[in-house]
Amino acid sequence: MSVTVDLHSHTTASDGRLSPSELIHLFGKRGLKTVAITDHDTTNGLEEALKTKRAYPDMTLIPGVELSADSKDTEMHLLGYFLDYEDDSFQKTLSKFREGRVGRAMTMVKKLSDLGVKLKWERVLEFAGDGAVGRPHIARTMIEMGYVASMSEAFDKYLGRGMAVYAERDKFSPLDAIELIHSVNGLAVLAHPSWVDNLESQLPALVEAGLAGMEVHYSRYSSGLIAELESMANRFGLVSCGGSDYHANNDPGESLPGDQGPPQESVDRLKEIAMARISTH
Ligand code: AMP
Ligand code: FE
Ligand code: FE
Ligand code: ZN
């Protein structure tokens with residue numbers, strides 16, 4: 001049976017390659033009924049997406065965001081859903097984190113230059129366009145200049161965490177990220193949890209802070225891993241979420257929206273939690 005829910009996707013507002021409108025049309029073509037756009041540190045793609053979505057009356061678009069957070073030695077990404085994203089102070093916080101991305105990308109371009117990988121900073125910015133600049137924009141510049149053949153080669157050789165070129169930027173702690181999401185009445189969901197070190201020992205604090213779900217039906221997960229994460233989510237009382245994490249990178253093997261995702265029941269459970277929290281405010 002085909003999947004009709006995709007709760008994780010990116011547009012040109014961050015490091016995706018499709019505009020919000022193009023992504024909505026792709027969702028429509030792929031028969032998706034409930035979707036979330038979760039750009040890194042920005043909600044700037046949502047207005048255009050909501051406009052385009054009017055052409056698909058039976059599609060629901062959940063306003064989302066993806067925040068990167070650091071705890072002891074591990075990075076985690078937190079997805080926020082059902083956000084009152086127009087809130088001023090929320091937008092100020094996001095724009096502060098986007099500014100941090102620019103300085104950090106500049107540092108990485110300098111470090112690459114020291115290694116003989118000479119990139120034009122202006123070209124990186126052109127790839128980022130109006131969007132939040134990230135390592136994928138540096139990777140695309142490297143591919144264009146012929147230094148690497150693919151995004152994954154750029155990350156494996158240069159840009160990945162722990163590589164010589166990698167630079168840190170200001171990040172939230174996981175609890176701060178959850179708090180920021182809650183400050184605009186959102187629900188927090190842990191993204192691609194298999195990449196979190198010591199996941200089981202990290203979860204209790206996140207659950208205590210109000211984490212609502214974690215990704216289980218993630219595009220790149222095998223059925224074995226999905227089963228394992230599903231049972232963990234159940235043990236911690238978390239809703240099993242997920243989606244494509246689609247960036248339109250066109251890398252070999254990149255899966256499309258609708259290839260994998262959670263059942264509609266997961267969306268219903270998230271909505272119930274959101275309603276219950278609003279009514280206890
Ligand atoms: P940044 O937001 O600048 O830290 O960059 C992280 C983004 O880079 C992720 O959201 C992915 O889109 C992309 N990314 C991370 N690791 C890889 C990889 N190994 N291959 C391709 N893209 C990656
Ligand atoms: Fe990304
Ligand atoms: Fe992520
Ligand atoms: Zn993502």
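Tutor: Let's start with a term: buried means under 20% relative accessible area, exposed over 50% and partly exposed in between, using a 1.4 Å probe and protein chains only. His 8 counts as buried because its relative accessible area is 0%, and His 10 is buried too, at 0% relative accessibility. This is a predicted model, so local features need pLDDT of at least 70 and side-chain atom pairs count only at pLDDT 80 or more, while totals for chains, interfaces and linings use all residues. Residues are numbered from 1 along each chain as its sequence is written, chains are lettered from A and ligands numbered from 1 in the order in which they are written, and side-chain values use heavy atoms, with hydrogens and water left out.

Now the zinc ion (ligand 4). Its donors are His 8 (NE2), His 10 (NE2), Glu 66 (OE) and Asp 245 (OD), at 2.1 to 2.4 Å. A donor is an N, O or S atom within 2.8 Å of the metal (3.2 Å for Na, K and Ca), and with water not among the atoms, sites may look incomplete. Along the sequence the zinc donors follow the spacing H-x1-H-x55-E-x178-D. The arrangement comes out irregular because the four donor atoms subtend angles of 79 to 167 degrees. For the label, four donors are tetrahedral if all angles lie between 85 and 135 degrees; four are square planar and six octahedral if opposite donors are over 155 degrees apart and all others between 65 and 115; anything else is irregular. The zinc ion (ligand 4) sits 4.6 Å from the iron ion (ligand 2).

Glu 66 turns up again at the iron ion (ligand 3), where Glu 66 (OE), His 77 (ND1) and His 192 (NE2) are the protein donors, 2.0 to 2.3 Å away. Their spacing reads E-x10-H-x114-H, and this iron ion (ligand 3) is 5.7 Å from the iron ion (ligand 2). Glu 66 belongs to strand 3 (residues 60-71) and His 77 to strand 4 (residues 74-81), eleven residues apart. Both Glu 66 and His 77 are buried. Strands here are DSSP runs of E, at least two residues, and helices are runs of H or I, at least four, each numbered from the N terminus.

Zooming out, those two strands are part of an open sheet of seven strands, in the order 1-2-3-4-5-6-7 with mixed pairing. Strand 1 (5-6) and strand 7 (239-243) are the edges: each has a single partner strand, so one side of each lacks a neighbour in the sheet. Pairing takes at least two DSSP bridges; strand 4 and strand 5 (residues 187-190) make four, in the antiparallel sense. In that stretch Leu 79 stands opposite Val 189 of strand 5. Helix 2 (residues 46-53) packs on the sheet, touching strand 2 (34-37) and strand 3, and its direction makes about 155 degrees with that of strand 3. Touching means heavy atoms within 4.5 Å, and angles, from 0 to 180 degrees, compare N-to-C directions of lines fitted to C-alpha atoms, for helices over the stretch in contact. Helix 9 (residues 223-235) also packs on the sheet, against strand 6 (213-218) and strand 7, at about 160 degrees to strand 6. Strand 6 is where you'll find Met 214, which counts as buried at 0% relative accessibility. Among the residues Met 214 touches are Val 189, Leu 229, Met 232 and Val 239.

Methods. Lists of a residue's contacts leave out its neighbours within four places in sequence.
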